[in-house]
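Here are my notes on the model. Please read them with the structure open beside you.

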Amino acid sequence: MRLFWIRGYEATSIADLTEAMGIGTKSLYAAFGSKDALYAEALKYYYTTYEGLVWTRFRKAATAREATLAFLQDSAIAMTGGDCDLPHGCMATLATVGGEGHAELAELMRAVRAGGFDILKARFDQAKEDADLPATADTTKLARLVQTVQSGMAIRARDRADRAELEAVAELALAGWDQITTAIDDGTKG
């Protein structure tokens, strides 16, 4: 997982993987079947192990704004190594699975990233129902905005931005929350 997180799928060779795992090539293929299958398992492990770093406070927050700020602040911490020397960035955001012959893996990556969007949108939909967001707020656009900010933070973290820089981005992104949530209209206004 760590190699894929640091280097991405394409740049991580079978030799790199077998060396890191302390096994032979035949053992790797016997256990996982393919590099793609190993990557899928590594991604699953990544998500189940580290998702709480960015989603725990988000899920407990009283308001959509508090949830969003917690999500972005906690992303800043996790993406800059957290308190446990994690690689910088986000494996799910920064993994590039492109090119020919990786259609299933590319679809898996899209699905994982879509899962984050779905969590954000569901929280914003609930906030709208609770009158925490304006009734006309477009929760799809709002979730895309927050997801895009977090993705940009992942890129900056990979480029070695520090926690303070990313926390400042999180705060700035929420500085205009009231204006943003009222300006993002779902089109139901006449």
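1. Helices here are DSSP runs of H or I with at least four residues, numbered from the N terminus. This is a predicted model: local features need pLDDT of at least 70, side-chain atom pairs count only at pLDDT 80 or more, and totals for chains, interfaces and linings use all residues. Residues are numbered from 1 along each chain as its sequence is written, and side-chain values use heavy atoms, without hydrogens and water.

2. Look at the largest pocket. A pocket is an open set of points on a 1 Å grid over the protein atoms alone, where a 1.4 Å probe fits, with protein on both sides within 12 Å along at least five of seven lines; lining residues have an atom within 4 Å of a point. The largest pocket holds about 410 Å³ of space. Its lining has 26 residues. Val54, Trp55, Cys90, Ala92 and Gln150 lie nearest the centre.

3. Which helix gives the most to this lining? H4 does, with 7 residues.

4. Now turn to H5 (residues 64-79) and H9 (residues 163-175). Their axes, lines fitted to C-alpha atoms over the stretch in contact, come within 8 Å and cross at roughly 165 degrees. That makes H5 roughly antiparallel to H9 (angles over 145 degrees count as such).

5. Which residues make the contact (heavy atoms within 4.5 Å) between H5 and H9? Among them are Leu69, Leu72 and Ala76 of H5, and Leu166, Ala170 and Leu174 of H9.

Key:
Axes are lines fitted to C-alpha atoms, for helices over the stretch in contact, and angles run from 0 to 180 degrees between N-to-C directions. Helices (H or I, at least four residues) and strands (E, at least two) are DSSP runs, numbered from the N terminus. Angles under 35 degrees count as roughly parallel, over 145 as roughly antiparallel, 65 to 115 as roughly perpendicular and the rest as oblique. Contact means heavy atoms within 4.5 Å. Grid points are joined across faces, edges and corners, and a volume is the space filled by probe spheres set on the points.
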